[in-house]
Amino acid sequence: MSWALANPAVPANRDAATDQSAATDRSAPAGQRCQSPATLSLEVQGGLLCAEIDDPTHAVQPRLLSDWIERSARIVADYYARFPAPLVVLSIRTAPGDGVRGGRTTNDSGLVIQVTVGRDSTTQELAADWVLVHEMVHLALPELGRRHNWLAEGLATYVEGVARAQFGNRDISDVWAEYRHSMPLGLPRAGEGGMDQTPTWGRTYWGGALYCLQGDIAIREGTGNRIGLQTALRAILRETGGYRSERDIDEVLRIGDAATGTRVLEDLYSEIKTTPQTPDLDRLWARLGVPDDPKSQPFDSHAPLAAIRAAITAPPSRSR
C-alpha cells in the first residue's frame, strides 16, 4: 500500500486481495479513483481512501497524517481481512492545538469520514489515536436504524480496542483496563428499558460494547475457542457490504450466527432488546482473569476463561 497525490485522471491500482472474500468483492471495481479535491490517496486492501485536508499549507505535517491514516486503515483491514469499503473520503479539518477531536461517518452521498485534528499533534498522539479506527469500523456494519444505534456504536467501541491490540498498536492491559472501568457505564439504571428502548450515551456505547464482549465470549465457549465474534463480523461485512447498505438487525445477526454455527447473537439480542439485563461484571472479570487494575496487576492465567481472554486479542487467521 502506498500514498500518492490524488489525480482524478489516473486510475488507482489496488493491491491484489489475499483472501477469498476480498478477491470476490464485486463492489470494488478496477479503476476506482479519487476525485478532486482529494489531497492524498491511499490504496489499502480492498479499498481506496481519499483524504481531503481543509488547509494543507498550515495543517499537521502531511507525513504524520498519512502515517496515521494508513496505520488506522491497516488495523481495520487486518481485523476484517479486508478494508470494509471500496471508496471512502476522509474529510480532515485542522484546528488549533493537538490531538484528534472527534469524528463522524456518513453515507448521504457516498461514504465520508469527517475528523478534526489539532495542528500541533505529535507522532505519539496520532499513534495513540482511537477515533479514526472507531470511525472506520462503522464502515463494516450495515445501517440498522436509529433504534439499534447501540449496536453500531457499541461494536465500534469494542472492536477498536481489540483490533488495535491485535495489530500491536495498543497494550492489551490498557484494553482490558478500559473495558473493566467503562463497561459498568452500560448497565441499566433504574427505570431504563432494554437496549432498543434506552438511547442514553452509556447504554449506547458501553452497553453495546458489553453485548459484543458477552457475544464474543459465548461464541468462543460454544466453539471450543476456535472462533469468536470476529468471524461473525467478517461474514456480516462479506454478505451485506457494510455501511453502504441498509439491513434489518435480525437479518444481520442471523448472518453472524450462521458463520459461527451458533445462535449466540440472536439469542442474546432477544434477551436484552426490550428487557434490561444486569450481568454480574465482577464475576465475569474473575472468570476471564482480569485483575482490578490490569495496568499494574498481572492477569490470572489459571482463570476459567483465561484462554478465551487471550484469544480475543491474539492476531487471528485471515481465513476465518
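Good morning. In helix α9, the buried residues (under 20% relative accessible area, with a 1.4 Å probe and protein chains only) are Ile249, Val252, Leu253, Ile255, Gly256, Asp257 and Thr260. This is a predicted model, in which local features need pLDDT of at least 70 and side-chain atom pairs count only at pLDDT 80 or more, while totals for chains, interfaces and linings use all residues. Residues are numbered from 1 along each chain as its sequence is written, and side-chain values use heavy atoms, with hydrogens and water left out.

Helices here are DSSP runs of H or I, at least four residues, numbered from the N terminus. The cover over the buried residues of α9 includes α5 (149–167), α7, α8 (229–240) and α10.

Let me turn to α7 with α10. Helix α7 (residues 201–222) packs against helix α10 (residues 264–272) at an angle of about 140°, with axes 10 Å apart; axes are lines fitted to C-alpha atoms over the stretch in contact, and angles run from 0 to 180 degrees between N-to-C directions. The two helices, α7 and α10, are therefore oblique to each other, a class that takes the angles left over from under 35 degrees (roughly parallel), over 145 (roughly antiparallel) and 65 to 115 (roughly perpendicular). In contact (heavy atoms within 4.5 Å), Tyr211, Gln214, Gly215, Ala218 and Ile219 of α7 meet Val264, Leu265, Leu268, Tyr269 and Ile272 of α10.

Finally, α5 and α7 pack at about 70°, their axes 7 Å apart. The pair α5 and α7 is therefore roughly perpendicular. Thank you.

Notes:
Buried < 20%, exposed > 50% of the residue type's maximum accessible area, 1.4 Å probe, protein only.
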